[in-house]
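User: I have a model open and want to learn how to read its features. Can you take me through them one by one?
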Amino acid sequence: MAAQAQTTSQAAPPTRRGRRSRRRNYLGGLLGWIWLAVIILPIYYAVITTFKNQGDYFTQNPLAPPMPPTMQAYGDVLRAGIGRYFLNSVIVTVGSVIPIVLFSFMAAYAIVRGNSRFLRLCRALFLLGLAIPLQATIIPIYLMITRLHMYDSLGALVLPSIAFGVPLTVLILSTFLRDVPKELFESMRLDGCTSWQIAWRLAFPLTRPAIVTVSIYNGLNVWNGFLFPLILTQSPDLRVMPLALWAFQGEYSVNIPAVLAAVVLSTLPILVLYVVGRRQLLSGLTAGFGK
Amino acid sequence: MAALASVAGAPDQTSESRRVGEAPLDLLVLPALIFFVAFALIPLVGVVALSFTSWDGISAITYAGTGSWTQVLNDPGTYHAIWLTFKIMIVSWLVQTPVSMLLGVFVAGHERYRAVLAVLYFLPLLLSSAAVAIAFKSLLDPNFGLSAGLHLPFLSQDWLGDPTLVFFVVIFVIAWQFVPFHTLLYQGGVRQIPASLYESAQIDGAGRVRQFFSITLPQLKYTIITSSTLILVGSLTYFDLIFVLTGGGPGNATRILALDMYLRGFKANQMGAASVIAVILVFVGLALALGIQRIGGRDRAASQLEGL
């Protein structure tokens, strides 16, 4: 398995690229391709099915490509009002991610730069937050949201989403902020800048890669969130995408191509986001988890 | 977790807040703190309080002593849910760890095709659990899914309708969704192993398998701890996936703790009893997180969590 073991001290070029790929790793390759098949098969199935109509779905081989391909399923889904759910998801996601990142950045900056007992307590609390299972708190959250008269509103989804995005975001951002050389802060201080100015003019631009990482990460979490919408909203008008998928599945159980078309549509924005920010997301995640 | 934080060490010594005429840094932490306390920490305390009530979710909340606790602890369904949750947790760990470790070691190589594979492996992480569950539900449909397409007798099963089979289906779908993430972790871990270790091992004549067990595996110790923590604690959160895939069925075959809580609270209107289950969930989660850190050695594990 140890592909990287194939280091040759004399022939290998000095780049990392050449270092680990001298001899073929057949066993690893086999497992790699098997796993690829495992990953791809359900995705392939879901995508080709969306291009079939209901009749073809029942009669054709489920793994055969659609003959002829049709966009009917997508039409069905659009007529069923998926645009509305899509918009709800965008509102909730943007409305949660911006506060999460902004507030977490401020908190991380304070925790890294300051040294008061209060800040150390905050840090400990955020660490504790990593171990709180979201599901376990849903009943009191439901109670609070109803008491605030926010039940069945998009705002009800935003508030707890922010709370549960904060801990990990603070910790990732503070890891990055700690790597900013102290001298930079000192020189800005000598120039007479306040903490607030230093935070926004120096620290924020310097941590931009991490900001992108945590934005995508939180965006993914909120966009895909299921439990808060399930418990805290009720009206069909207020469904977000994952909940809409679930509801569709109940209502349209005879129209599987339409259900799967909704699945594909729900994934598209995330896919676009991932393609745009992939490098930063991956390097940010591995730096955050591997240190 | 509080203990972890104290090990993790204090931030650097510059105290900007002592400067004259400037708002203290402490204020900057407030917005994040307020949200966190209001919608994560207070609910955590609140759920303990609610477990001593007999609330139905609608009418007034009344104190009920340990009534809900006795009810839940005398219910064999509770133990079934706990047992099932642990079973899924442990089997998931046993399945996901070796697969993602081997895949991680493999894709850590730098050929282009491995990089492409690593990108494709990432796809399941982008999908919501609801989307994954719906796709698999239809793929596993006994009449129109995989079994109809491949005409292989062993595939023609009622995958989600058979109480024994469904357990393995759940394990498989969970692995499908989460192995990619752990592969990524291991890939990162492997890339940080110094190449010199392998060079000297090779001079000593160690083969590939030997190198894996003598160098790669020990060097990945902290990645293994991080990944295991996330798998074990994360397994408490498979709610969405199982809820959409099986709804807890057939019968109670996949009614894990989180699902049990939801059904008691929001379907059977027994919020008190559901809160008891929630408290059990919190305890299991905290015990796991702390337990694993202890096994893994505190200092190093703390700095790992810091990175999280």
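Predicted model: local features only at pLDDT ≥ 70, side-chain atom pairs only at ≥ 80, totals over all residues.

User: Start with the annotations. Which residues of chain A does UniProt list for "transmembrane region"?

Analyst: The record, an unreviewed entry, gives residues 26–47, 85–112, 124–145, 157–177, 210–232 and 252–276 of chain A. Such annotations may be inferred rather than shown by experiment. Residues 26–47 of chain A are 100% helix and 0% strand, with end C-alpha atoms 31 Å apart. Residues 157–177 of chain A are also 100% helix and 0% strand, and their end C-alpha atoms lie 30 Å apart.

User: What does the record's "domain: ABC transmembrane type-1" cover?

Analyst: According to the unreviewed UniProt entry, that annotation spans residues 86–277 of chain A. In the model the span is 80% helix and 0% strand. Its end C-alpha atoms are 21 Å apart.

User: Now charges. How many salt bridges does the structure hold over all chains?

Analyst: The general idea is that side chains of opposite charge can pair when their charged atoms come close. Over all chains, the structure holds 6 salt bridges. Take B:Asp75 and B:Arg264, whose side chains meet at 3.1 Å, N to O.

User: Where do B:Asp75 and B:Arg264 lie?

Analyst: B:Asp75 sits in the loop between helix H3 (67–73) and helix H4 (76–107) of chain B, while B:Arg264 is in helix H14 (residues 257–267) of chain B. The pair therefore ties together parts that are 189 residues apart in sequence.

User: Which residues are linked with them in a network of salt bridges?

Analyst: The network links B:Asp75, B:Arg255, B:Asp260 and B:Arg264. B:Asp260 has a salt bridge to B:Arg264, with the closest N and O atoms 2.9 Å apart. B:Asp260 also has one to B:Arg255, at 2.7 Å between the closest N and O atoms. B:Asp260 is buried, at 2% relative accessibility.

User: How far apart are B:Arg264 and B:Asp260 along helix H14 of chain B?

Analyst: They are 4 residues apart in that helix, so about one helical turn separates them.

User: What should I look for in the backbone?

Analyst: Most residues other than glycine have a negative phi, and most peptide bonds are trans. Look for exceptions. A cis peptide bond joins A:Met67 and A:Pro68, with omega about -10 degrees. A:Pro68 is in the loop between helix H3 (54–59) and helix H4 (72–79) of chain A.

User: Which residue has a positive phi of about 55 degrees?

Analyst: That is A:His149, which is not a glycine. A:His149 lies in the loop between helix H7 (138–147) and helix H8 (154–178) of chain A. A:His149 is exposed, at 74% relative accessibility. A:Asp152 lies in the loop between H7 and H8 of chain A as well. A:Asp152 has a positive phi of about 65 degrees, and is not a glycine either.

User: Last, packing. Which residues touch the most other members of the largest nonpolar core?

Analyst: The core has 181 residues, and the ones with the most contacts to other members are A:Tyr109, A:Phe126, A:Ile139, A:Leu232, B:Ile88 and B:Phe239. Helix H5 (residues 82–113) of chain A gives the largest share, 15 residues. A second, separate core has 12 residues, including B:Met101, B:Phe212, B:Ile215 and B:Leu220.

User: What is A:Phe126 in contact with?

Analyst: Set aside neighbours within four places in sequence. In chain A, the contacts of A:Phe126 include A:Ala107, A:Ile111, A:Val166 and A:Pro167. In chain B, A:Phe126 contacts B:Val29, B:Ala32, B:Leu33 and B:Phe36.

User: And B:Thr183: buried or exposed?

Analyst: B:Thr183 has a relative accessible area of 4%, so this residue is buried. B:Thr183 is in helix H9 (residues 165–191) of chain B. Beyond four places in sequence, B:Thr183 touches B:Ser100, B:Leu103, B:Gly104, B:Val107 and B:Tyr121.

Technical notes. Residues numbered from 1 in each chain as written. Chains lettered and ligands numbered in written order. Heavy atoms only, no water. Helix = DSSP H or I, 4+ residues; strand = E, 2+ residues; numbered from the N terminus. Buried < 20%, exposed > 50% of the residue type's maximum accessible area, 1.4 Å probe, protein only. Contact = heavy atoms within 4.5 Å. Salt bridge = Lys/Arg side-chain N within 4 Å of Asp/Glu carboxyl O. Core = buried A, V, L, I, M, F, W, Y, C linked by side-chain atoms within 4.5 Å.
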